[in-house]
Amino acid sequence: MATPDLGGLTCKEVVELVTDYVEGVLPAEMRKRFDQHLSVCDPCAIYLDQMRQTVATLGKLPEDSISQPALDTLLHHFRGWSRERP
Amino acid sequence: MSSVGDSEAELVAALKRRDEMAFVTLLQRYQGQLMRLALVYCRTRELAEEVVQDTWLGVLQGIERFEGRASFKTWLFQILVNRARTRAVREGRTLSFSSLAGEAEMESEPAVPADRFRTLDDPWPHNWAVPPHSWGDSPETTLLTAETMDLVQRAIAQLPGPQQQVITLRDVEGWPSEDVCNVLEISETNQRVLLHRARSRVRAALEAHFEERN
């Protein structure tokens, strides 16, 4: 069996480069090697996919908010502030 | 009450005129995001709400002098971060220590535990020994359940402070890295390293969750 070309990168190196890859800051030469590695290494392709899914999931977390009493307090402060107009 | 456009510049100009509608619009637009970041710094919701309130009071105090060199959003979140840090120090939470711990540990911690890779004497050194498995073809249905959301939230809460701050702004709020660097006053490189560590840990938490279920 021919030895697959892993782009001169080990999988252990790939998982540390994955954020730079997704962020688009890998130098062109390294990016080429990374793409080469992924084209022959299914587990690393799965890993990259999982990182992307992780980011997508983080973006779907429900909104938080402050309570109505806290909002009311702020509005009260605003009205005080706007009355002391210089 | 005057009618106010929706653009940030118009809202800021109206707020300088002490227009209540502009204040309410800005408050509604940002209070949720501010609360989420405040919760990263504070142990309780009560404290986080106080920090958010403090932040808006800071806005009212400073808006006259706000010249729009930075965006309003960046300025607003800088106020929040400053107030949250001051409060943490006052309450004896040694935030500087925990940030240092975060940085130190960041240097050595791998994205994936070393024992999941083959050893150096293997014919395929440092390639996968225990590879990751696909999370399925329609991950959105499994990833977006309340159970998974809860798990992700707990995973974030367990990260060191600086990692929590970065992942909250970048991935939860979807900010560009430049804005995150400006608000947290960190370099692009530092931001990226913190983001990498944080994302790697959240991914690992999701993986553990899915492996356990299957």
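# Helices, burial and contacts in a predicted model

Q: With 14 C-beta neighbours inside 10 Å, as what does A:Val25 count?
A: This is a predicted model, in which local features need pLDDT of at least 70 and side-chain atom pairs count only at pLDDT 80 or more, while totals for chains, interfaces and linings use all residues. Residues are numbered from 1 along each chain as its sequence is written, and chains are lettered from A and ligands numbered from 1 in the order in which they are written. A residue is buried if 20 or more other C-beta atoms, placed from the backbone, lie within 10 Å of its own, exposed if 12 or fewer do, and partly exposed in between. Because 14 C-beta neighbours lie inside 10 Å, A:Val25 counts as partly exposed.

Q: What is the radius of gyration of chain A?
A: Chain A has four helices and zero strands, and its elements run α-α-α-α from the N terminus on. Taken over C-alpha atoms, the radius of gyration is set against the globule rule of 2.2 Å times the number of residues to the power 0.38. For 86 residues the rule gives 12 Å, which the value for chain A is well over, so the chain is more spread out than a compact globule; its radius of gyration is 25 Å.

Q: What does the C-alpha trace of chain A span along its principal axes?
A: Buried residues make up 30% of the 86 residues in chain A. Along its principal axes, the C-alpha trace of chain A spans about 80 × 30 × 15 Å.

Q: Which helix gives the largest share of the side of chain A that touches chain B?
A: Two residues are in contact if their C-beta atoms, placed from the backbone, lie within 7 Å, and the contact takes 36 residues from chain A and 45 residues from chain B. On the chain A side, the elements that give two or more residues are helix H1 (11-22), helix H3 (42-58) and helix H4 (68-83). The largest share, 10 residues, comes from H3(A).

Q: On which residue is the kink in H2(B) centred?
A: The expected span of a helix is 1.5 Å times one less than its number of residues; the 22 residues of H2(B) should therefore span 32 Å, and its end C-alpha atoms are 29 Å apart, which agrees. The bend at a residue is the angle between axes fitted to the seven residues ending there and the seven starting there. In H2(B) there is a kink of about 45°, centred on B:Tyr30.

Q: What positive phi does B:His126 have?
A: Most residues other than glycine have a negative phi. B:His126 is found in the loop between helix H5 (95-108) and helix H6 (139-143) of chain B, and it counts as partly exposed because it has 17 C-beta neighbours inside 10 Å. Although B:His126 is not a glycine, its phi is positive, at about 60°.
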